[in-house]
Amino acid sequence: MIKVAIPTTGKEEYSAIKKVVYSGKFVSGKIVESFEKEYAKFIGTKYAVALNSGTAALHASLSALELKPGDEVIVPAMSFISSATAILHQGCTPIFCDVDIKNYCMDPKSFEKKISKKTKAVIPVHFAGSSCNMNEIIKIAKKYRIKIIEDCSQAHGTKLNGKLVGSFGNISCFSFYATKHMTTGEGGILCTNDKKIYSFCKSFRNHGMVDRDTHKLLGYNFRMGEINAAIGRIQLKKLKKINNKRIQNSLYLLKKLKNLNKEKKWFQVQDPIKNIFHTYFWCPIRITSKKVSLSQVKTKLKQKGIEIRSRYKYPLYKQKVFQDLNLKGSQNYKKLYLNNAEKLSGRIFGLPNHYKLKKTNLNFIVKTLGNLFEK
């Protein structure tokens, strides 16, 4: 089986974990602090706060902005669910906007249309290693005095006009889940230039504690452990190398697939966008034939020994957790229809693109995909 994703871990990570185990210091130590400083330096922000997941980073970010029940936060309708459920955790209302048909990221025009007097923040999601149009999003956010939380969970090292995503917003959030560009096993981090946000989130992740005896706010146990941070420090050093191989494999696949005979094409590849340095968390393929379903593709490729990424079967507003809220007016998810999100949901998948793949694997993937629905 050609796996869709394999963590790039080895002897260096094992050695780092062993040192933590022998030290007996597993929580709130110097390794987490070092990882935070190194990651902030990498992104280009003053501060970083390590947490136990990307979801926790989003929740902490919303809390740091002091959002209250009734406040609205705009989020794209096509993303992993925690981009929107984190808003619910804060007691706020997710307002879904559409995505760009070209790179599946937030559509700035749809974002602006969704703004109301209750809108306090926006969460642009850099989808599958691409980048949102942050220049337009920032202009709109400034116009309406809206805070920006970048969701960079799928975009470690992605750049827009030469600038790393995660350095544009008031806050940015990253996930270090096992299949991401870089991993800590489980974990997340948020980056910011705002000292007040930084101080709040440091306390928020540790039960609202300011010292051993004083809890000034309602916090959570969102701490990152020393073992996770030790892995993260090694992974960060490898990230450029990991990304380069991922990009190289993805571009090879996409070019070969684009050049297939038109008669064979039941799919469409994602064309590169010039000002975006795409890191290809997914090597994305869009099903365009009405005769082909994602479940068919998944089953047939599995039979051939190829695993794929498949998620986003529905726009987020169609998930039961949101449908059951029974909100009214513009917030009535049952009546919501966003054109591009509807077109893309259940119609995109990701091909294997990890560092262990050889050219023979890549060529096999291309040949198999090209012949998948031949008679």
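**Cavities, pocket and nonpolar cores**

A cavity is a set of points, on a 1 Å grid over the protein atoms alone, where a 1.4 Å probe fits but cannot get out. Volume is the space filled by probe spheres set on the points, which are joined across faces, edges and corners. The model is predicted: local features need pLDDT of at least 70, side-chain atom pairs count only at pLDDT 80 or more, and totals for chains, interfaces and linings use all residues. Residues are numbered from 1 along each chain as its sequence is written, and side-chain values use heavy atoms, with hydrogens and water left out.

Of the 17 residues lining the largest cavity, Ile-6, Thr-8, Lys-180, Ile-242 and Arg-246 are the closest to its centre. Lining residues have an atom within 4 Å of a point. Two cavities of 30 Å³ or more are present in the structure.

The largest pocket has a volume of about 660 Å³. A pocket is an open set with protein on both sides within 12 Å along at least five of seven lines. Its lining comprises 31 residues, of which Phe-80, Tyr-177, Thr-179, Lys-180 and Arg-311 are the closest to the centre. Two or more lining residues come from each of α3 (54-64), α4 (82-89) and α9 (294-303). Helices (H or I, at least four residues) and strands (E, at least two) are DSSP runs, numbered from the N terminus. The largest share, three residues, comes from α3.

The largest nonpolar core has 36 residues; Leu-51, Leu-62, Val-73, Phe-96, Ile-123 and Leu-190 touch the most other members. Such a core joins buried Ala, Val, Leu, Ile, Met, Phe, Trp, Tyr and Cys residues through side-chain atoms within 4.5 Å. Buried means under 20% relative accessible area, with a 1.4 Å probe and protein chains only. Helix α3 contributes the most, six residues. Beyond its neighbours within four places in sequence, Leu-62 contacts (heavy atoms within 4.5 Å) Leu-67, Val-73, Ala-86, Ile-87, Gln-90, Ile-123 and Ile-149. A second, separate core of 29 residues includes Cys-97, Leu-160, Ile-276 and Trp-282.

Strand β1 is largely enclosed by the rest of the structure, because five of its five residues are buried. Tyr-47, Val-49 and Leu-51 point one way from β1, and Ala-48 and Ala-50 point the other way. Strand β1 runs antiparallel to β9 (residues 188-192), to which five bridges join it. Pairing requires at least two DSSP bridges between two strands. Ala-48 stands opposite Cys-191 in β9.

Conventions:
Buried means under 20% relative accessible area, exposed over 50%, partly exposed in between (1.4 Å probe, protein chains only).
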